[in-house]
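I opened this model to look up confidence, sheets and salt bridges. My notes are below, in the order I made them.

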Amino acid sequence: MHTPKIYGPGRNVLALQKYGQVVSSVLAVALGLLLFIAAYKRALNPLFGSVLTEQYLDLVVYGCAALAIIFPKPATRRILLGLAVLVQIGPHSTYWVGIYAARYGGSATGPLVCHILALAPVVYLSTSLIMCFGSRFVVVFGLASSALHSYSIAELIVHGLSLEPRKDYIFLFLGILAYAGWVKICAAEGKLGLMRNGLQAVNLTRQYFSLLFPATFLLFSVIRPPTLTTYPEFPHYSVRYPLRILSSQESTTGVIVVGELLDTLKDTAPDALHSLRYLRASHSLLGGVWTGDAVVTMRGIPRTDELGTPLGDSIYSAFVLQEAVRLINGTSECPDDHCERALVIGVGTGIVADALAQHGISTTLLEVDPAVYYAARRYFGLKHPGDDNVFLEDARGWLERRVATLSASPSNPPKFDMVVHDCFSGGRVPEHLYTIEFWNELRAIMTPNGVVAVNFAGKLGSNSWRAVATTLVKAFGQCRAFHDHLGAIPDQHLQDEYINVVFFCSKSASPLTFRPSVEGDYLHSYLRRHVLSSLERREIPISVLRKPSVLSAKAKDVFLLTDTDNKLNEWQRAAAAEHWRIMRKVMPDTVWETF
């Protein structure tokens, strides 16, 4: 029997329908590829951080797409089967390739090696699949990918799904679609290589096609990645290192991990780092405290977590240095010889917030990641200051609303006497929280003698350091900077060494000076006594910056950060690689590979 031919308008309608189906398929492949790339980036961030993960990403994606256009394409069914397998094992391959690429490739070549081995094959096969529809559709594929990427639709979808208990929905969904496409094509061609009788296989597949979906779920549960964000019960003990993971979960800023380095190596390997608890966000330490035998106080009972575990000093002296905001002479004009209200932007482990509260200061906490705040409360001894004093959101939106409220009612809510601003994570800071507009809004909610402490890390000779210093001086009029090293830094190393610096700035007309610290400032802490009693030796004059000076007109034009002209992220890329290498030296590889 011959299929009747269709002529006239009906033929045009069928052609349009077919063309529409092809375009829809191209758009679906484009969205699927972007979803995979977004999920891949999310899986790789804990090993390299967001900056290094994205360093060679576009180069690999566009390069593989070009190769797929140039070289002959495989058969469509082989492409779909290859995509199904590669996407299904995506979380697993990304993890294992990533950890060895990080160990042996470092920050320079590690991300590139991982992109080539784990991502490139998926991009190549996806572009080859588009070529099966015809080379003219590659343009549609490119335009669709660019448009979807511009609006970050894939990023939003993956971000939303990653907060679920199972963060691998994207890989599962895309793998099922690729498997379904492979089965459909094989059924249409009468070629199922896994069965002997082709026609019988086609009929059998059509009859039991629905069984493929639950079977895929079962298969996927076997090959899930060896990470802990879906771990049913904590604590988890590493079999490779004396490491205990107390908590691990996906959150708004990445994987949030609370871990402990145990003291089992202190006798056999005295130089090994041990007896500490840390808080980690992707590939960055937000802070930590000493535990076990390392808990030492001047006198009195040490702080404890919610379970009563004793906690020692901070492993980072930068947080203690930020507490010097209380020692600025202008703050002594507050009632009862101390300021009443403080704002902490970026809670971390809660070291600063807890210290301010212990000094009787009413403290408001502003933290973008809820998981960080709850980890600080449960595992690091932070006391809840009350629901009205905790805001778990981005600081910029909260600040804009606060300024608007103050404009409508100048006396309510009350202004802040001191602000601690510490948003450094992963080798960089969020650029929108360092612009002149942000600092001007912050000034609006501060008292006339209000003081802000701003944490920043990098090399003093870098453009990012100059930009932050220039913008702060422009916004507040006077600033002083102090490093957090336990010892002195030789002058010849100031420009080239990666150091942590805390700026203290004030809009007051009075000179910015510090009173001498006293025993009451130390809260029974040896670290606080060491840091707060040595402020004079820690100061770094603003003038040490290489020319142009932050006070010059040229510097204000080049380095002033604004909402419309902000190059801070671009300038921080080199610092992110340096920060990654430092983190790998501070903690053993096993710590970064267990999340």
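The entries go from the whole chain down to single residues.

**Ground rules**

I am working with a predicted model, in which local features need pLDDT of at least 70, side-chain atom pairs count only at pLDDT 80 or more, and totals for chains, interfaces and linings use all residues. I number residues from 1 along each chain as its sequence is written, and side-chain values use heavy atoms, with hydrogens and water left out.

**Confidence**

I started with pLDDT, the predictor's confidence in each residue, from 0 to 100. The mean for the protein is 83, and 79% of its residues reach 70 or more. Helix H8 (residues 198–207) is lowest, with a mean of 50, and strand E10 (residues 390–391) is highest, at 97. Over residues 192–196 pLDDT stays under 50, and the model has 7 contacts there beyond four places in sequence. A contact means heavy atoms within 4.5 Å. Where pLDDT is low, the predicted coordinates should not be read in detail.

**Overall make-up**

I count 22 helices and 15 strands. These are DSSP runs numbered from the N terminus: helices are H or I with at least four residues, strands are E with at least two. Of the 595 residues, 51% are buried. Buried means under 20% relative accessible area, exposed over 50%, and partly exposed in between (1.4 Å probe, protein chains only). The accessible surface is about 27,600 Å², and 58% of it belongs to carbon and sulfur atoms. Areas come from the Shrake-Rupley method with a 1.4 Å probe; for residues, only the protein chains shown count as cover. Among contacts between residues at least 6 apart in sequence, 73% join residues at least 24 apart.

**The sheet of 8 strands**

I traced an open sheet with mixed pairing, in the order E10-E9-E8-E11-E12-E14-E13-E15. E10 and E15 are at the edges with a single partner strand each, so one side of each has no neighbour in the sheet. Strands pair here if DSSP finds at least two bridges between them.

How enclosed is strand E13 (residues 478–483)? 5 of its 6 residues are buried, so the rest of the structure largely encloses it. E13 runs antiparallel to strand E14 (residues 498–506) over 6 bridges. In that pairing I found Cys 479 bridged to Cys 505, and His 483 to Val 501. E13 also pairs antiparallel with strand E15 (residues 539–540), over 2 bridges. Ala 481 stands opposite Ile 540 there.

**The sheet of 5 strands**

I found another open sheet, E1-E2-E3-E4-E5, with antiparallel pairing. Its edge strands, E1 (236–237) and E5 (285–290), each pair on one side only. Strands E3 (residues 254–261) and E4 (residues 276–281) are joined by 6 bridges. Val 257 has Arg 280 in E4 as its bridge partner.

**Salt bridges**

How many salt bridges does the whole structure hold? The search finds 20. The test is a side-chain nitrogen of Lys or Arg within 4 Å of a carboxyl oxygen of Asp or Glu.

I looked up Arg 240 with Glu 593 next; their closest N and O atoms are 3.3 Å apart. The pair links distant parts of the chain, 353 residues apart: Arg 240 is in the loop between E1 and strand E2 (243–251), Glu 593 in helix H22 (residues 589–593). Arg 240 is partly exposed at 45% relative accessible area, whereas Glu 593 is buried at 1%.

Arg 396 takes part in two of my entries. It meets Glu 400 in a salt bridge at 4.0 Å, N to O. Both lie in helix H13 (residues 395–408), 4 residues apart, about one turn of the helix. Arg 396 is buried at 9% relative accessibility, and Glu 400 is partly exposed at 41%. Arg 396 also forms a salt bridge with Asp 563, at 2.8 Å between the closest N and O atoms. Asp 563 sits in the loop between helix H19 (553–559) and helix H20 (568–571), so this pair ties together parts 167 residues apart in sequence. Asp 563 is partly exposed at 43%.

**Glu 431**

I checked the loop between strand E11 (416–421) and helix H14 (436–444), where Glu 431 lies. Glu 431 is partly exposed, at 23% relative accessibility. Beyond four places in sequence, Glu 431 touches Asn 566, Leu 568 and Asn 569.
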